[in-house]
Number of protein chains: 2
Amino acid sequence: MMGYMSITRAGCAALDAADPISDFRDEFVLPDGIVYLLGNSLGALPRRTAARVAHAVTAEWGQDLGASWNTAGWWDLPQTTGDRIAPLIGAGPGEVLAGDSTSVTIFKALAAALALRPGRPVIVSDVENFPSDQYVVQGAAQAFDREIREIGPDADLANALGPDVAVVLLSHVNYRTGAVRNMAEVTALVQASGALMIWDLCHSTGALPVDITGADFALGCTYKYLNGGPGAPAYIYVAPRHQKAARNVISGWHGHASPFDFEPGYEPAPGVRRFAVGSPPVLSYAALNASLEIWEKVDMRSVRAKSVALTELFIELTEHLGLELATPRDPVERGSQVSYRHPDGYPVMRALIDMGVHGDFRAPDLIRFGFAPLYLRYVDVYDAANTLAEVLSKELWREPRYQRRLTVT
Amino acid sequence: MMGYMSITRAGCAALDAADPISDFRDEFVLPDGIVYLLGNSLGALPRRTAARVAHAVTAEWGQDLGASWNTAGWWDLPQTTGDRIAPLIGAGPGEVLAGDSTSVTIFKALAAALALRPGRPVIVSDVENFPSDQYVVQGAAQAFDREIREIGPDADLANALGPDVAVVLLSHVNYRTGAVRNMAEVTALVQASGALMIWDLCHSTGALPVDITGADFALGCTYKYLNGGPGAPAYIYVAPRHQKAARNVISGWHGHASPFDFEPGYEPAPGVRRFAVGSPPVLSYAALNASLEIWEKVDMRSVRAKSVALTELFIELTEHLGLELATPRDPVERGSQVSYRHPDGYPVMRALIDMGVHGDFRAPDLIRFGFAPLYLRYVDVYDAANTLAEVLSKELWREPRYQRRLTVT
């Protein structure tokens, strides 16, 4: 248990020197003097993004204007961007479509799944899904006259299933604790009951390898580990077997089979395209696509290996500090984050940020640290752990200025 | 009828010299060698936008990262941006919220309005609404088990109303013909029947003064006359009297009363904020807000006066060409566009674009010209009219290369 004392900064620097994916760090802008452990909330800015966005503004929009819907591929952005995301979740071309916010996408997936299971009144949802998932489930249940059956993270999912369940919405990686669900097992269990499985991949996309094969629907965001930028478009995955029958309840013209015929009746486009709705926010797509160029060069197994090593290192360096670990201790069961419980978690995190270690706080008592393997170094983890140790041992968080609440995201 | 022969380019230049809002042209990037008559489709790039977007990328995202949700006002963008749009439609602070695409916003407005009129099964919609409006109405009618009663542009709206009608969705300005509806009269008629009135303001926002007072809901886009950029966020207007009872069916966390308490149950924010859903696409908002800085300096009465003068000039210069005018001849009844019918409208427009006059084509036979008063000059109108005369008189559109269909937006 005292192994942490044998870990040195020099040892961590040696790990960085031997890191097979260390070069990716140069792809990112990282502010001086901080250790950024919020890649699970807002991914860092890729160096290539500014030029790509500027090109979209000045050349595509400014000079080519509306012709860019064709010449710059604006019209097809939801599909082309989706196809670039697909390999990161084990999906194929034509199975993923980018667009809208994550919460709008949850609504689209839920509505489509419910319509495919008309006789079944129940939506099963995890109380530890991100709140927006829960809120959207509540809105959809009210709108479409269904009931919600909530389960907890440790609940026996099998007990919640039955012939009355239409759809199950679960997160692959728990946003609070970082706990990972066994996707294949859960999907099989849900489908055996006749329900459809929707996965929320917000905290797994770009953090660990995902194999969505077999699931019915999935969705995720692109502004966390994928570095697509603040509020970058979300994505939806629709299993090929559902693409013909699944309907997009928000039936906008971008999902029409022949949008430029301006026909009076809605006719869904073949395939996943029907889940497009309105005009894509092109500048936000430009940023996302700049980052996806980087991700095309990434081997997710290397990302996962480093992610496990980084989180393991952080836990080894901090678990003697007397905090309660909220994240599974077995790396197989955790994503790319580490969360601790502390009754004064809020001022602890404020003090940490003041000292240059940027994690975040989630009520009531969680301090969260995300580890983005593409740009974090082992020495960063070492420094962050040391700072956390100092904040706790010197009780720096007791300073009054850290008690005052700010709005935190 | 031969008055057009007395209009000279020098005379148009004199009109430009006397134009009280001619300085605004300098605010925009306009490609050399073209007359851009597509501001009704995609507004031109404001000069200040590139720097504003670059700042959002490199400073707000790159350096300040997640802190920008507070320090750069990212979290409040839907509200602050909405409040800047509000004066352009005659609305007050707290009545307009930016966000999502126009089609998603139509869905949100429809769902909210239908829920406020539960016993009434019918949605009235104009067959000449933009197709996406019609498609979204069809999807919402199916999802919420309502019927659609379609009316034409010349139909007697009164005959379509009755105690079975829950909501009426109409466009203030017809996207094809530019015909303007009398907003106050129609709203009063609809409300007298007990139905709720939703206005689509896509083709009027920034094109002519709008007084939304009295309506129930409205929505519009910001990428046409407002120059917000391709796919810039749409907006929704919710009358103050409905803000307490109206629900957002897509109940995401950005519309929650206390989003950072992460409560399990959805509790709508007070006011129009509840119509927010997910994370705003910040880079697209940056572009939109750059443009709205310009619009804060604009007097819409001057815009309207110049719009009428420009469209009147164009019609006077072209009505002798033998085309059928689809736009009302009386300027009181038209927006800021002129549309003509031509059986070979598609190749006519291709030839025009090839000669530097950028309008667009709408099936089956409309050629459309939009007149954005902030950056168009009278000489531009003169040149465009002359080019149209040349294309028609010399039958340039008969060239085979203009017959081939491209995707057009």
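Predicted model: local features only at pLDDT ≥ 70, side-chain atom pairs only at ≥ 80, totals over all residues.
Modeller: Residues are numbered from 1 along each chain as its sequence is written, chains are lettered from A and ligands numbered from 1 in the order in which they are written, and side-chain values use heavy atoms, with hydrogens and water left out.

Biologist: How do you know which residues of chain A and chain B belong to the contact, and how many are there?

Modeller: Contact means heavy atoms within 4.5 Å, and on that rule chain A gives 73 residues and chain B gives 73 residues.

Biologist: What makes up the area that chain A and chain B bury between them?

Modeller: Buried area is the accessible area, taken with a 1.4 Å probe, that two parts lose on being put together, summed over both; here that comes to about 6100 Å², with 69% of it on carbon and sulfur atoms. Trp61(A), Tyr135(A) and Phe262(A) supply 13% of the area that chain A buries against chain B, more than any other three residues.

Biologist: How many salt bridges does the count give between chain A and chain B?

Modeller: A salt bridge needs a side-chain nitrogen of Lys or Arg within 4 Å of a carboxyl oxygen of Asp or Glu, and the count between chain A and chain B is zero.

Biologist: Which classes of residue form the side of chain A that touches chain B?

Modeller: Ala, Val, Leu, Ile, Met, Phe, Trp, Tyr, Cys and Pro count as nonpolar, Asp, Glu, Lys and Arg as charged, and the others, Gly among them, as polar; by that division this side of chain A has 42 nonpolar, 27 polar and four charged residues.

Biologist: Why are β4 and β6 of chain A said to stand at the edges of the sheet?

Modeller: Strands are DSSP runs of E with at least two residues, numbered from the N terminus, and two of them pair if DSSP finds at least two bridges between them. The open sheet has seven strands in the order β4-β10-β9-β8-β7-β5-β6 (chain A), with mixed pairing. β4 (96-98) and β6 (147-151) of chain A each have a single partner strand, so one side of each is left without a neighbour in the sheet.

Biologist: What makes β4(A) and β10(A) a pair, and in which sense do they run?

Modeller: β4(A) and β10 (residues 235-238) of chain A pair in the antiparallel sense over three bridges, which meets the requirement of at least two. Within this pair, Leu97(A) stands opposite Ile236(A) in β10(A).

Terms used: Helix = DSSP H or I, 4+ residues; strand = E, 2+ residues; numbered from the N terminus.
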